Amino acid sequence: MGLGVGFVVLAALFWGLSGGIGGILMAEGWDAFVVSFYRGAIGLLFVLAWLAWRPGGSGFGNPRLWFWSAVAGLGVAGNFAFYFVSIANGSVAVAATLMYTAPVFVYIVSFALKLETPTTLKLVAIAVVMVGIVMLTQIYDTGAGGVTLIGAGAGILAGVSYALFIFGFKYAGSHGSPQAILSIAFGVLVILLMLPGDNTQMVAVLTTTDWPLFAALGVFGAGLSFALYINGLKYTAPAVASIVAMIEPVTATLFGVVVLHESLALVQVLGMALILVTVTALSVFSRATPPALVKDSERDSEA
């Protein structure tokens, strides 16, 4: 149990730091899509090495593995890209917090697909998070500055994309190994993000002096972090993992304030607190996984 929690802590810490590293790269002029592409591409190399080391039980012959892993890859691609676009048009702190709203969108999708029944507690929690988003982004104050409409929208889409990844991984998990799922997912990401990136910068990365930052972003922000998180979940209760995951936006915020010299107004800090506390409480009380998905996993284990 302790080792599992430690893995999740490290994963969340690495994800938080990846936002700061991406912020540094984009501040130096690198395109958000280029940064996202190399984060995924280097992560792909990492998980391919993991797959080569542990090839057993991959499940590559199962069409469902390919389908749901591809769905997960679409979610990861959107998450990486929208997250960095949000940072480029706002701040690391705001982008990371907006992305942390992902569980709310999981519930909204669950309600829409009738995978879960809405309750008063969940609806109130969603409403509180929406209020927190308004406070954090200050969309009501056109003169507030700092966070643009594009930055706020991209941050929310990063959360939506992360929710898509959660669904994809949950359904793919019973059809193959984690390393196989991540190999397919990151492969899809590389294909999707190869098109929108600046071609000149794509090539320039190979010879830039910033390559250590790109390498750190890919290894720690994608490959190693995902491997740690997936293995950590095997020995960690969902409620505990939900609380520990709050390390990511907190780490990203501290990185943005201390290293990138970003600043937040009091109302933004209050909005951030509303989001983090509410989403964490919602995840804990609901055990972070929609009942329909829990039933699916129980049926798979019984089979």
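Predicted model: local features only at pLDDT ≥ 70, side-chain atom pairs only at ≥ 80, totals over all residues.

**A pocket and a helix pair**

The lining of the second largest pocket divides into 8 nonpolar, 4 polar and 2 charged residues, where Ala, Val, Leu, Ile, Met, Phe, Trp, Tyr, Cys and Pro count as nonpolar, Asp, Glu, Lys and Arg as charged, and the others, Gly among them, as polar. Residues are numbered from 1 along each chain as its sequence is written, and side-chain values use heavy atoms, with hydrogens and water left out.

This pocket has a volume of about 290 Å³, and of its 14 lining residues, Trp50, Trp53, Arg54, Gln179 and Asn231 lie nearest its centre. A pocket here is an open set of points on a 1 Å grid over the protein atoms alone, where a 1.4 Å probe fits, with protein on both sides within 12 Å along at least five of seven lines, and lining residues have an atom within 4 Å of a point. Two or more lining residues come from each of α2, α8 (178-194) and α10 (211-233), and α10 gives the most, with 4 residues; helices are DSSP runs (H or I, at least four residues) numbered from the N terminus.

Turning to the helix pair, the axes of α2 (residues 32-53) and α3 (residues 63-88) come within 8 Å and cross at roughly 140°, the axes being lines fitted to C-alpha atoms over the stretch in contact, with angles from 0 to 180 degrees between N-to-C directions. The two helices are therefore oblique to each other.

Key: Parallel < 35°, antiparallel > 145°, perpendicular 65-115°, else oblique. Points joined across faces, edges and corners; volume = space filled by probe spheres on them.
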